[in-house]
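Visitor: I'm new to this one. Could you show it to me and walk me through a few spots?

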Amino acid sequence: MNSLKYKPTILPTSQRSHGLDKMRCQLADNAVLPPGQRLCSQRKSQSMRLLSKFNQRDNNFNLMRILAAVTVLINHCFPLLGYVEPLGDMLGLTLGTISVDVFFVTSGFLVTGSLLAKKSAFEYICSRVLRIYPALIVVTLFSVFIIGTSLSDLPLATYLPHPQTLHFLISDATVLAGIEMNLPGLFADRPFTAVNGSLWTLVYEMKMYLLLLLVWAVSAKQTRGTIRTWFRVENILLGLCLSSGLMLVIKSCLGDEAGHLNRFIFLFFSGASFYSFKKYIPLSHRIFLCIVVTAGIAFLFGKTVFSMLVCLAIPYTVLYLAFIPNGIIRQFNKMGDYSYGVYIYAFPIQQSIGAIYPKISVSQLAISSLTLTFIMAAFSWHVIEKPVLSNKNRTIESLQWLLARLTLRA
């Protein structure tokens, strides 16, 4: 039997060189380094960009938002009992302010991702409406017909048909044109007479949603050459972020306080820019530590500088904490998203407890209101928010079908 002769395949020089380089890389990665170091090296390289860590479900956003909502609740306990908010005089801003900033950065990041994924103004608007309004309408009804009818100084025959009651119902359930803070005869002798003082931030939140939609629409209309390049959505978002951030710095240098709109535009569109440029954004322990240390040093230069630098530092800090820490804390996502319910129910519940027990202490108000608020937040999530969101796609499809039928008839 004739033996088979082996004839090696001779590759061109360029391919041999490429193959040798590839083999050297594999040997360096798999043979030179011990297994533990190889794994560490791979994780380190993967963690260098936000894109590699981005996951719509597996992150810490729910945990961060619930902590922010609880912080706002605790912070409100002081002024609602007539005390000065802690750290306000010393730092120039409160923990409640920082918590609201966290909401805007988070919202900018996630909502931008939703819009750019759907690429539909109709779906975007429907998604925002279905997320915000069902729970908002219920808490408004709760404030008017449960709290108001129980605690108002006015008789029901006067309270219910009162023009301010109707105005409260309409404005607080829509928030687009501002909100009504008071109900007739309710909390008139409290340090703050507002029924739900937390809702004012939703007015700005809705404005950010509309501005983001406008940016996307303007970008989508550009179809040619250089104009299209300059008006790409990510470039406009970055422009809004940088220009509003520059205004914050200028006002701080001049000793002026930045307005809410300026601050919220910067925070929201920082989050939006982080999403748009996520494949370029490094998530680095060193950058995070440098930001924290710089913010701490800024305290030595006065409250205005410290407040400004904290605002500038929050966007990166939020995204870092949302994606880098992992492990058991990620299990929190299984509980559901109670943060919105906590945020919108806390203030009226705190006001009600304070009205019933006017001599209550700050700690007692914090514990009792936190307990009742979590009960209402759980109700809001499981009975209202989650069912609406679970049927969101079906609802949007039905609305699209209805809109198409109405368009054909017209």
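Visitor: How much space lies in the largest pocket?

Guide: Keep in mind that this is a predicted model. Among the residues that line the largest pocket, the closest to its centre include Arg 65, Leu 110 and Asp 337. The space in that pocket comes to about 1400 Å³.

Visitor: Which helix gives the most to the lining of the largest pocket?

Guide: Several helices each supply at least two residues of that lining, among them H4 (61–80), H6 (95–118) and H7 (121–151). By class, the lining has 17 nonpolar, 14 polar and 9 charged residues. With 12 residues, the one that gives the most is H6.

Visitor: And how many residues line the second largest pocket?

Guide: About 880 Å³ of space lies in there. H6 turns up again, supplying at least two lining residues, and so do H13 and H15. Nearest the centre lie Thr 94, Thr 97, Trp 200, Glu 257 and His 260, out of a lining of 37 residues.

Visitor: Are H13 and H15 roughly parallel or roughly antiparallel?

Guide: H13 (residues 260–276) packs against H15 (residues 303–323) with the axes 10 Å apart and an angle of about 25°. Angles under 35 degrees count as roughly parallel. So the answer for H13 and H15 is roughly parallel.

Visitor: What is the handedness of the crossing of H13 and H15?

Guide: On the H13 side, the residues that meet H15 include Phe 266, Leu 267 and Phe 274. Among their partners in H15 are Leu 312, Ile 314 and Leu 319. The crossing of these two helices is right-handed.

Terms used:
Residues numbered from 1 in each chain as written. Predicted model: local features only at pLDDT ≥ 70, side-chain atom pairs only at ≥ 80, totals over all residues. Heavy atoms only, no water. Axes fitted to C-alpha atoms, helices over the stretch in contact; angles between N-to-C directions. Helix = DSSP H or I, 4+ residues; strand = E, 2+ residues; numbered from the N terminus. Parallel < 35°, antiparallel > 145°, perpendicular 65-115°, else oblique. Left-handed = near helix turned anticlockwise from the far one by under 90°. Contact = heavy atoms within 4.5 Å. 1 Å grid on protein atoms, 1.4 Å probe; cavity = no way out; pocket = protein on both sides within 12 Å on 5 of 7 lines; lining within 4 Å. Points joined across faces, edges and corners; volume = space filled by probe spheres on them. Nonpolar A, V, L, I, M, F, W, Y, C, P; charged D, E, K, R; others polar.
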